[in-house]
Amino acid sequence: MKSMVLPEVEAYAEAHSHSESEICRRLREETYRTMELPQMVVGPLEGSFLKVMAMTVGAKRVLEIGTFTGYSALCFAESLPESGEVITCDIDPESTTLAKKYWAESPHGSKIQLRLAPALETLAELKGQFDLIFIDADKANYVQYFQRALDLIAPTGVILIDNVLWSGEVLKSPAPDSQTEAIQELNRLVHAEPRVSAVLLTIRDGVFLIKPRISNA
Ligand SMILES: C[S@@+](CC[C@H](N)C(=O)[O-])C[C@H]1O[C@@H](n2cnc3c(N)ncnc32)[C@H](O)[C@@H]1O
């Protein structure tokens, strides 16, 4: 992933944002030591953004699509009340084994439920409503994840979608590959969707912040 912000600016932003917990730091460090694509972890700055968003909407129920080693799921769990729950979906038993090791250590880990199956199958079974939905998995299914998220999100909730700038590749026309094409299609669809108001934030690799529309605002 190509950084779109000067490293020193990123470090400054990180240093002035909600701090990463000690367990999240160790989980991130072990992910970087042991996993092939560790940069899939959202990291401290986006992690604090996710936490503050969950707090802002007073989230009690969070749905995450794309667990990997459990970093962002743990960020959410840390920001939920005792009775809160995070349902997180993945298909990879290896990376999620590392996730479970750190969740078991955390006093917040019991709020997290892993669904190990293709996310579209899990989404078809889930009942709403969720206060926050975070989409961060296979790009080919982004449009379908967004469409299902629209059914499951609470009117006061938010949908967040990661990697929507795809290292700047979304600027290219024609799209250089099928993943870029899928993200471009998603971005067009969100922009044209009359049921939501959205802003594409340039945090890290691009995060769509999407709010169901409850008035004509
Ligand atoms: C970018 S990583 C998630 C990172 C995580 N949100 C974090 O920040 O710690 C994407 C994950 O999506 C998972 N994934 C890919 N295709 C999937 C599918 N069809 N259903 C569920 N998960 C899938 C991958 O196994 C991978 O662990």
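The residues of the shell around the ligand divide into twelve nonpolar, three polar and five charged, where Ala, Val, Leu, Ile, Met, Phe, Trp, Tyr, Cys and Pro count as nonpolar, Asp, Glu, Lys and Arg as charged, and the others, Gly among them, as polar. The model is predicted: local features need pLDDT of at least 70, side-chain atom pairs count only at pLDDT 80 or more, and totals for chains, interfaces and linings use all residues. Residues are numbered from 1 along each chain as its sequence is written, and side-chain values use heavy atoms, with hydrogens and water left out.

**Ligand shell**
- The ligand is surrounded by 20 residues, a residue being near a molecule if one of its heavy atoms lies within 4 Å of it.
- Gly-66, Ser-72, Asp-90, Ala-119 and Asp-136 are the closest.
- At least two shell residues come from each of α4 (71–79) and β2 (85–90); helices (H or I, at least four residues) and strands (E, at least two) are DSSP runs, numbered from the N terminus.

**Ligand atom distances**
- An oxygen atom of the ligand lies 2.9 Å from a backbone N or O atom of Val-42.
- For a backbone N or O atom of Phe-68, the distance to an oxygen atom of the ligand is 3.4 Å.
- Ser-72 places a polar side-chain atom 2.8 Å from a nitrogen atom of the ligand.
- The protein buries 89% of the 600 Å² that the ligand exposes when taken alone (Shrake-Rupley method, 1.4 Å probe).

**Asn-141**
- Asn-141 is in the loop between β4 (130–135) and α7 (142–152).
- Asn-141 counts as buried because its relative accessibility is 18%, and buried means under 20% relative accessible area (1.4 Å probe, protein chains only).
- The side chains of Asn-141 and Asp-138 are 2.6 Å apart in a polar contact (a pair of N or O atoms within 3.5 Å; within protein, one must be able to donate a hydrogen and the other to accept it, and residues adjacent in sequence count only if both atoms are side-chain atoms).

Definitions and conventions: Buried means under 20% relative accessible area, exposed over 50%, partly exposed in between (1.4 Å probe, protein chains only).
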